[in-house]
Amino acid sequence: MGMSLPVFKPLTPTDVRRIDRTSRQILERIGIRIKDAAILDKLKKAGAQVDLHNQRVRFKEKWLDELLSRAPSKFTLYSRDEKHDLPLGEGEVHFANGGRVFRILDIATGGYRLTMLRDVARTAMLVNHMEHIRFYVIACQAHDVEPQYYHLNDFCNAFNNTTKHVMGGCDNLEGVRQVWELASLIAGDEERLREKPFFSVITNPVSPLTIEPNAANILSFCATHGIPVTCASAPIAGATSPATLAGTLAQMHAEVLAGVAITQVFSPGAKLLYGAVPTTMDLRNMDFAMGSTEMGMMGAAAVQLAKLYHLPTRASAGVTEAKRPDIQAGVEKSFSNLMVAMAGADCILLAAGMLDSGNSISYEQYAIDNEIIGMVYRVLSGIKVNKGTLSLDVIEQAGPGGNYVIKEHTVEHMMEEFFYPSLSVRCNFDIWEERGHPTMLSRANDLVHNILTECEESEEGLLGPHLLLEIRKAFPEIKNI
């Protein structure tokens, strides 16, 4: 399951071309501000139109086309165990959780608390056990770690608790460099890491139309060190981009294309994902609204724009304004996850664990979202039609008034034809009462408790004692390893 059926296309082919043309006009006439003299000088030498006084870079059409043509259309997000390698650009959809929030919901108390380093470890444990969440994004801010060592501690705890690919946002160049050195030690050396990088980095332009020095330098470092990187534009319609969806998409597309082009100046062929996080506000009261229907629509449209250049996509979905795992969360998450998946995104981030407009996470929400994503994968897999599934012989054998329960054909196909949820309640009312009125949330709570208890009682992380000893010696700044 999980092969994309790109059947949701909010934009017509003409719409796609018009938005792309507008984005190119933005890049040629208005340009991107980059507040870094060294980067500007490098871009000028590579052929960009650079206005040093206004710190603007403008992109002529032919120059832009030449740079975009260098970006690879396919590459792999590697895992450490090779079982969870994720091919991009081949039609598969891969879901991941969301990252760098500051609070976590405690279901036991009903309140929120600040996130700690242990929450990075635990969310990585959960993703490692969730079948449908295919890679891990650093989930939260560790408030018990010094800022200069955030990323070193985040990624180390992630690597120790999941073998799946790890992706994370980095605030500064030093953080990326620290993670590179850590990952090189884990891989064995730098060359092995370059060959199969098992982590990737997210950085963001600042809407509207600005790439800060940190982001530019992170793009440069990742490009030259073989680390897959996402240039993820995150405009807010009506606030940091036009109030119209088409205008927001045009600005977002321009910001991402600029990031792709600049990265290819740094290193032709650098692995880069087209990052799209277009969001909205409720303009009646200026509340941030990541769970809006329009965010899902723009996420799907962004996939269409990325495909115009055959770029692997990192879209966003599965976010909600709900403060608890409730009906609102289920509705908003399901709609956007399905829309963006059916558009054919390569990677869909924010899809698991998040609440409160992307400001908070919940362990239980990870389990519930894993089930929602499983349902989405079932939709993507479609209906298989062949001689065996058409079942003419079986229908003939059963005849009028017969049944199919004990047929060999039923046993043969029952596991591949249906999605079987583990948290949804499927029993009659009397049995449900006898079982103590279980709900999806109570079952999610039980599942999370069992996973975390089993992992934490083992006391031994996935990196193993010998490698952990080396890491402790090389990086004394890492805590709780």
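Two strands are taken to pair if DSSP finds at least two bridges between them. Helices (H or I, at least four residues) and strands (E, at least two) are DSSP runs, numbered from the N terminus. The structure is a predicted model, in which local features need pLDDT of at least 70 and side-chain atom pairs count only at pLDDT 80 or more, whereas totals for chains, interfaces and linings use all residues. Residues are numbered from 1 along each chain as its sequence is written, and side-chain values use heavy atoms, with hydrogens and water left out.

Strands β7 (residues 103–106) and β8 (residues 111–114) run antiparallel and are joined by 4 bridges. Together β7 and β8 form a hairpin with 4 residues between them. Within the turn, Gly110 has a positive phi of about 80 degrees. Across the pair, Leu105 stands opposite Tyr112 of β8.

An open sheet of 8 strands is also present, with parallel pairing and the order β6-β19-β18-β15-β13-β11-β10-β9. Its edges are formed by β6 (94–95) and β9 (136–137), each of which pairs on one side only. Within this sheet, β18 (residues 313–316) pairs with β19 (residues 347–349) in the parallel sense over 3 bridges. Arg314 has Cys347 in β19 as its bridge partner. Helix α11 (residues 327–343) packs on the sheet and touches β6, β18 and β19, where contact means heavy atoms within 4.5 Å. The direction of α11 makes about 160 degrees with that of β19; axes are lines fitted to C-alpha atoms, for helices over the stretch in contact, and angles run from 0 to 180 degrees between N-to-C directions.

Another open sheet comprises 4 strands in the order β2-β3-β1-β12, and its pairing is mixed. Strands β2 (49–51) and β12 (210–211) lie at the edges, each pairing on one side only. Strands β1 (residues 32–34) and β3 (residues 56–58) pair in the antiparallel sense over 2 bridges, and the bridge partner of Arg33 in β3 is Arg56.

Burial was assigned from relative accessible area: buried means under 20%, exposed over 50%, and partly exposed in between (1.4 Å probe, protein chains only). Ala300, in helix α10 (residues 293–307), counts as buried because its relative accessibility is 0%. Residues up to four places away in sequence not being counted, Ala300 touches Phe8, Pro10, Met339, Val340 and Ala343. Ala300 and Leu392 are 92 residues apart in sequence and lie 39 Å apart in space, C-alpha to C-alpha.

Asp20 belongs to helix α1 (residues 13–30) and is buried, its relative accessible area being 9%. Not counting residues up to four places away in sequence, Asp20 touches His253, Leu257, Leu305, Leu308 and Tyr309.

A salt bridge was defined as a side-chain nitrogen of Lys or Arg within 4 Å of a carboxyl oxygen of Asp or Glu. By this rule the count comes to 20 salt bridges. One of them joins the side chains of Glu61 and Arg21 at 3.1 Å, N to O. This pair links distant parts of the chain, with Glu61 in helix α3 (residues 61–68) and Arg21 in helix α1, 40 residues apart. Glu61 is partly exposed at a relative accessible area of 33%, and Arg21 counts as partly exposed at 38%. Glu61 and Arg21 are linked with Asp20, Arg24 and Asp65 in a network of salt bridges.

Arg177 is partly exposed with a relative accessible area of 30%, and Glu174 is partly exposed with 41%. A further salt bridge connects Asp189 to Arg192, their closest N and O atoms being 3.6 Å apart; Asp189 counts as partly exposed at 31% relative accessibility.

Val411 is found in helix α15 (residues 408–417) and counts as exposed because its relative accessibility is 55%.
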